[in-house]
Amino acid sequence: MGTLGLEHYLLLSALLFGIGVIGVLVRRNVIMVLMCLELIFNAANINLVAVSRFRPDLAGQIFTIFTITVAAAEAAIGLGLVIALYRHVQTVNVDEIHVLRG
Amino acid sequence: MESLAFYILAGIILVSAVLMVTSRNMVHSIVYMVISFIAVGALFFQLQAEFVGAVQILVYAGGIVVLFLFVIMLVNVGEVMQLDYLHTQWLPATLLMLVVVAEVGFLVWGNGGALQASPAEAGAVVRALGGNTETVGMTLYTDYLLPFEIASVLLLVAMVGAIYLAKKEA
């Protein structure tokens, strides 16, 4: 096992970020795309908190709180848009949503 | 002991994230997302960031997940599940992920270990000020007061915007 270094956390965060990116690109459902965006936010948070632990500076944790704030705002606005979109075009498939003037 | 906790939590996070991305049923995806978020919160506790861990569990596992569940109930779930998943873009997506991971791997191991660091004595600094939560609160309300206020305005704007977007058209 060995001792834990910063690189372990960075690698975990990179893997989580990659899974999130794959989800955003692969899933065809707007709600799933937003959920995978949350995974990407989480990967960034892991990075910030890990660096704040290994380099004694609280700024990483403070920025994580701001990231969580922005993620909450993004989820609320994004899901509001999904509801408005579903009411308008009756679908959540991103492949079918391709006209700007519906 | 510490590294054992890390490996268990990392395994839970990654496995549940993969299951979330690949599961066909969206409600199952939500459940895997909750597991992943709670494991990330536990990882924050393991990193001695107790306040951020508590906020993570409260906001993500408590708030955002409920929001997603509500929207899944609002749209037609039966139709949503029919959507073909794992679409044509899986190849560029996997390539992109490999590039990201390779980049971090190079940063960590290929660059003469420029990023290698050992856990610093953060505990002593924090404990002198009376615990993680108190220290974070003091820093948030003194050094980061203006960003904090901007964040609260952002939340207000998001709330008004979400209500406006989701309300029935008059």
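Within helix H1 of chain B, the buried residues are Leu9(B), Ala10(B), Ile13(B), Ser16(B), Ala17(B), Met20(B) and Val21(B). They lie on the same side of H1(B), because they cover an arc of only 145 degrees around the axis. The arc is that of the directions from the helix axis to the C-beta atoms. Buried means that 20 or more other C-beta atoms lie within 10 Å of a residue's own; exposed means 12 or fewer; partly exposed is in between, with C-beta atoms placed from the backbone. Helices are DSSP runs of H or I with at least four residues, strands are runs of E with at least two, and both are numbered from the N terminus.

This is a predicted model: local features need pLDDT of at least 70, side-chain atom pairs count only at pLDDT 80 or more, and totals for chains, interfaces and linings use all residues. Residues are numbered from 1 along each chain as its sequence is written, while chains are lettered from A and ligands numbered from 1 in the order in which they are written.

Stay with H1(B) for a moment. It has 21 residues. From first C-alpha to last it reaches 30 Å, close to the 30 Å expected at 1.5 Å a residue. That expected span is 1.5 Å times one less than the number of residues. An α-helix has 3.6 residues a turn, so residues three or four places apart point the same way. The face turned away from the buried side of H1(B) carries the exposed residues Leu4(B) and Gly11(B). What covers the buried residues of H1(B)? The cover includes H1 and H2 of chain A, together with H2 of chain B.

Now turn to the core. The largest nonpolar core has 69 residues. Such a core is a set of buried Ala, Val, Leu, Ile, Met, Phe, Trp, Tyr and Cys residues joined through C-beta atoms within 7 Å. Those with the most contacts inside it are Leu16(A), Ile31(A), Ile46(A), Val49(A), Ala50(A) and Ile13(B). H2(A) gives the most, with 15 residues.

Take Leu16(A) as a way in. Two residues are in contact if their C-beta atoms, placed from the backbone, lie within 7 Å. Leaving aside neighbours within four places in sequence, Leu16(A) is in contact with Leu39(A), Asn42(A), Ala43(A) and Ile46(A) in chain A, and with Ile13(B), Leu14(B) and Ala17(B) in chain B.

Next, chain A as a whole. It has three helices and zero strands, in the pattern α-α-α. Its radius of gyration is 17 Å, well over the 13 Å that the globule rule gives for 102 residues, so chain A is more spread out than a compact globule. That radius is taken over C-alpha atoms, and the rule is 2.2 Å times the number of residues to the power 0.38. Along its principal axes, the C-alpha trace of chain A spans about 55 × 25 × 20 Å. Of its 102 residues, 56% count as buried. Thr3(A) sits in the segment before H1 of chain A. Thr3(A) is exposed, with 9 other C-beta atoms within 10 Å.

Chain B has eight helices and zero strands. Buried residues make up 24% of its 170 residues. Gly63(B) belongs to helix H3 of chain B and counts as partly exposed, with 14 C-beta neighbours inside 10 Å. Gly63(B) and Ala158(B) are 95 residues apart in sequence and 15 Å apart in space, C-alpha to C-alpha.

One last stop is the loop between H2 and H3 of chain B, the place of Gln48(B). Phi of Gln48(B) is near 60 degrees, a positive value in a residue other than glycine. Most residues other than glycine have a negative phi. Gln48(B) counts as partly exposed, with 17 C-beta neighbours inside 10 Å.
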